[in-house]
Every structure is written in C-alpha cells, then in structure tokens.
Amino acid sequence: MSGGETKMVKTTIDGREYEFAEGATILEAARSVGIMIPHYCYHPGLSIAGACRMCLVEIEKIPKLQISCYMTVGEGMVVHTDTERVKRARKSILEFHLVNHPTDCPVCDQAGECGLQEYYMLHGLYTSRIRENKVRKTKKAFPVGPNIMLDQERCILCSRCVRFCREVSKSHELGMFKRGDREVIDTFSGRQVDNPYAGNVVDICPVGALTSRDSRFKTRSWYQQTAESVCPRCSRGCNIFIHYNIKRPWKNEGRKVVRLKPRFNAEVNKWWICDEGRFCFKYIDDPDRLSAPLRRVDGASETIDWPAALAIAAERMLAAASAQERDLAVLVSPQASNEELFLLKKVCDERLPGWRAAFSAATPFEPTEDDFLRRADKNPNTFGARALGLGEDKSMDLAQLKRAALEGRIGTLLVCYTDLTGLTGEAGQGWDAALEKVDTLIYLGHNDCATAQRADLVLPAATFAEREGTVTNFEGRIQLQRRAFDPAGESLPGWEILRRLGETLGGEYEFEGPEQVFQRLAETVPQLAGLSYESIGPAGCPVKK
C-alpha cells in the first residue's frame, strides 16, 4: 500500500456489510450509509467527550455496549445499532438525562429543534418513574455574554460549548463546575462569553440551555423558512442559512429575517461563522430601507416611478459621457455580485464610451482579521471584481476620484453600494466638498445614508437576501447567494436595474434572470469558462487560475 492510500476495512452494520476507511468512528461510518445513531455530546468539529452515552451500540464479541462516537470500525467487526438491548439502554440514558431537565417545552426557545424532544419521541416515550423534586440550578435565563443566554436547568452537560471555547475560539470562558446532579456549566469568575465566535455555542447546544439573546422568542422555529446563502460580511464568504418569516408579519417585530446560522462547507468555514457575520443582517429590515426611486427637486426628495428614474439616469450619464470637459464616473463596489459587476461594465462599455471606472474596497467596517475565519477585506466579492478587470491601473482609486471631483472634472457620478462619507478613516473624509462639485450624483444602494441624501437620484436595490447572484471569495471560490424573499417595496435586484438602464440607453439586454447573465459572464471571463449555477452547486467551486 502506498503512503497516501486509504486502507479500507469491511464492517457489518445491522446485518449488511460495508467498506469504510480505517479509523472512522462507528457513528460516522453508520451515518455515511444512512444509519443515524442518536447522540448529544458528539460533534464532528470538536474532540470526542463520550459524555452523553446516547450513541451506545452492540458489537459482537464485546460484552458491554460501546459508545459509537469513540469506537472505530474494524475488519470483520459486526455492529448492531437497533437491538432490544441497545433500545433499552438508550431509553434508560434518555430517562437519566430528563431527571432534572425541566419540562418547559412550551416556553423554551429550542422547542421544535431540540435534541431532547426529538429523541424522546424516537427512543423514549416511557411512563416517568421519577418522584423526586428536580434539582434547582442557579442560573435560569441568565445572560452570560452580550449575545448569549444560559439556562442551567436545561443543560445535559454534553460539554459541546465548553469544548468549543477551548478548542475552536480558544477563548476559554466556559467550564464545568461541581459534581453529580449539582454539576453545571458556567463562566469562569469575571468572564463573559464574549469572543468573535460566541454565537456558535448556541448553534451546537442540543437542548436550549444556551440561546441567542438576539433571536429568542421572536419566531418559533416551525414558522421559519430557510434559504441557503453566503455571508456578505467579509471576503471569506462563509456559507450560511437565512432563517426568515414572511407568512406571519406580526412575529419578530415585523422583521423578515430572524437569524443567520452557519451552513457546513469543508472548504470555507466548516461548521462555524463569526458574530460579525451572524448579526450583520439587521439592515435588511431597517426602517431606512430605500423602497422606491427618488429624485431631488429644490432640495427635497420626491418619489418617482422606475421608467422616469431610469430616463433621468440615462440622460445625465449620457450627457456626461459625451461631454469634453467633465466626465462620467462610476464608483464600483465589491459589495455587488459578479452578475451586477459584469452587467454594469458591459452597459457602460457599450452605451457610455468614455466612462471612467473608479474602484474601492473601502467599507464602514473595522478591518478585523484573525487566523480563523475573519478577513480584513469586508467585501464578499473583491476577487470577482478584479477578475472582471475592475480595480486595474486604468481605474481610479477612491483618492483619485475625490481629487477629480474636487477639481470639477466629474459631471455625473454613479455611486454603487458605498456611503462615501461613512467610510472609515481618511477614505471617508473630504467628500462633502468633493460632492458639491459634481453636477449630478446618482446613488444605487439599499439603505438610506448620507450619500443617498445628497444624491440627485436614488435607485433602490435589493439586498443579498432578496436577489440571486454569485460572489467569489478571497481564495477564488465562486459561490451562490440564493434569493430568500422578494425585495423591499419597489426596490429591484441590482442586475435588473442595470439591465433596464442599459435598455433605456438604447441597448438590447434580453437577460431573463441572473442565471442568464452568469451564462454570458462565463462565456466572457476565461476563469469562469464552463461554469453554470448548476455546476457551482451549494458548496461553490474554485475558479480557474
């Protein structure tokens, strides 16, 4: 056997022989062939604790039942996961876990996605033999961090949260204290669960002992719908689920998005996301969403329809592109999807010759970075923008654009997804004077901001949760952001705004949707040749070098 070859072993599970890689645990091996073994403490991203004992299985020639999260498959091994002996053991373990667990399911925020509830229905269903009073724990609905609530009575001491803080975030805030039925998880003295990845302890808690202070009691899990997407908060592009509620608008204070949760991707983020990404969605439902096109008349904004807005935009952009003295400039942001960037460049190149591209990756966010997931570049698509040729030498950077505006060389300026005055540091300074020198300022974005308030024309765009599109992360992995729900008000997906603008300028852009835009994009950009939404798939794929 060569050094890199995986040795396979034949193991029989529930009467059927399979081949597994040597060293795989029985629990993972069984799951790989569709046999689910119940467990609480086991998590594929954490070390093995063997604490909950729910994953017991029977192995021939071994007298005692074994925990399948620790025992590995072996050549000729015969495993039984569903015998009467195994069922009786699981039932007893479950009864043990429920001795001190409160039956507060009607008010528990974990109801509907609780491991205890699910396993009780599958493996419990016994008549309780417990006559003693439950042990009362100290911290019930107690905040242990800015985003985390602890209920010690619900905890079954699986230790997932403790291992996460020790092994993944390496922040060590949580520990296990006392012994026996008095044992609890708690924070170390003077500590709070306040690290950049703290929200993950809520995701991995199987029983509602740790809940999110942000989303608890907002919308029951069975009222929530789910869409797969990619986090827009930095260039890592962590895979996420958007949990939202649009059928019961009286829930969640009227907001559509309830929470974001990590979606497993072995190549990007595995099982985790950072808190910056987890809580970045509030702008989607903010009252300051731009919900209709606006134009400024005598210092006041008034609502207009899309044809009128696009006609004004086309007229001003065409005039500036044709003028000799003053230019048309377009500030492109890597906040936009590949489809939006491609269409913007295509329309400008074809209909507005002489336009000047400006490119900036500056954002209003602090450039936080670590050696785990967070990246200093807080844009989801800088790699994709550069693959399209944006940000190259012939493009202006932000300082050059500001200087050109101050010198009166910009007639019309289209700003995409960037609040110029809200940028951090020097990048956000001096724009008041610069924008005063611009004849026509057009803003394309989704939320009101200082730049939008100064704009002569506002084109409201959909957020990442309201449109489909692709983004390419810093490692060159292209991934899909799926549309969860319709755009707010009369706002439109960015690609559609640009398609309509192109048509208003006299071009023919007969794209029926973002997928058709991507097809054209893949025909144009060599790095994307041969790709489609279908081939990109839910996990994304690397672009060609």
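Tutor: Buried means under 20% relative accessible area, exposed over 50% and partly exposed in between, computed with a 1.4 Å probe and protein chains only. By that rule helix α13, residues 494–504, is mostly covered, since eight of its 11 residues are buried. The model is a predicted one, in which local features need pLDDT of at least 70 and side-chain atom pairs count only at pLDDT 80 or more, while totals for chains, interfaces and linings use all residues. Residues are numbered from 1 along each chain as its sequence is written, and side-chain values use heavy atoms, with hydrogens and water left out.

Student: Which residues of α13 are buried, and what do they pack against?

Tutor: The buried residues are Gly494, Trp495, Glu496, Ile497, Leu498, Arg499, Leu501 and Gly502. Contact means heavy atoms within 4.5 Å, and the buried residues of α13 pack against the helices α7 (306–322), α8 (338–351) and α14 (514–524) as well as the strands β19 (440–445) and β20 (457–460). Just after α13, glycine 506 takes a positive phi of about 105°.

Student: Which strands pair with β20, and in which sense, parallel or antiparallel?

Tutor: Strands of a sheet pair through backbone hydrogen bonds, either parallel or antiparallel. Two strands are said to pair if DSSP finds at least two bridges between them. β19 and β20 pair in the parallel sense over four bridges, whereas strand β14, residues 294–297, is joined to β20 by two bridges and runs antiparallel. Valine 458 in β20 has tyrosine 443 standing opposite, and leucine 294 also stands opposite valine 458.

Student: What order do the strands have in the sheet that contains β21?

Tutor: Three strands form an open sheet in the order β21-β22-β23, and the pairing is antiparallel. The edge strands are β21 and β23 (541–542), each of which pairs on one side only.

Student: How do β21 and β22 pair, and what lies in their hairpin?

Tutor: β21 and strand β22, residues 477–481, pair in the antiparallel sense over four bridges. Glycine 469 stands opposite glutamine 481, and the bridge partner of valine 471 in β22 is glutamine 479. The hairpin of β21 and β22 has four residues between the strands, and there glycine 476 takes a positive phi near 80°.

Student: How many disulfides does a search of the whole structure find?

Tutor: A disulfide is a pair of cysteine sulfur atoms within 2.5 Å, and the search of the whole structure finds zero. The sulfur of cysteine 69 has its closest cysteine sulfur in cysteine 55, at 3.8 Å, which is too far for a bond. Cysteine 69 counts as buried, at 1% relative accessibility. For cysteine 348 the closest cysteine sulfur, in cysteine 416, is 8.2 Å away, again too far for a bond, and cysteine 348 is buried, with a relative accessible area of 2%.

Student: What can be said of the chain as a whole?

Tutor: The chain has 15 helices and 23 strands, and 54% of its 545 residues count as buried. Along its principal axes the C-alpha trace spans about 90 × 55 × 40 Å. Among contacts between residues at least 6 apart in sequence, 66% join residues at least 24 apart.
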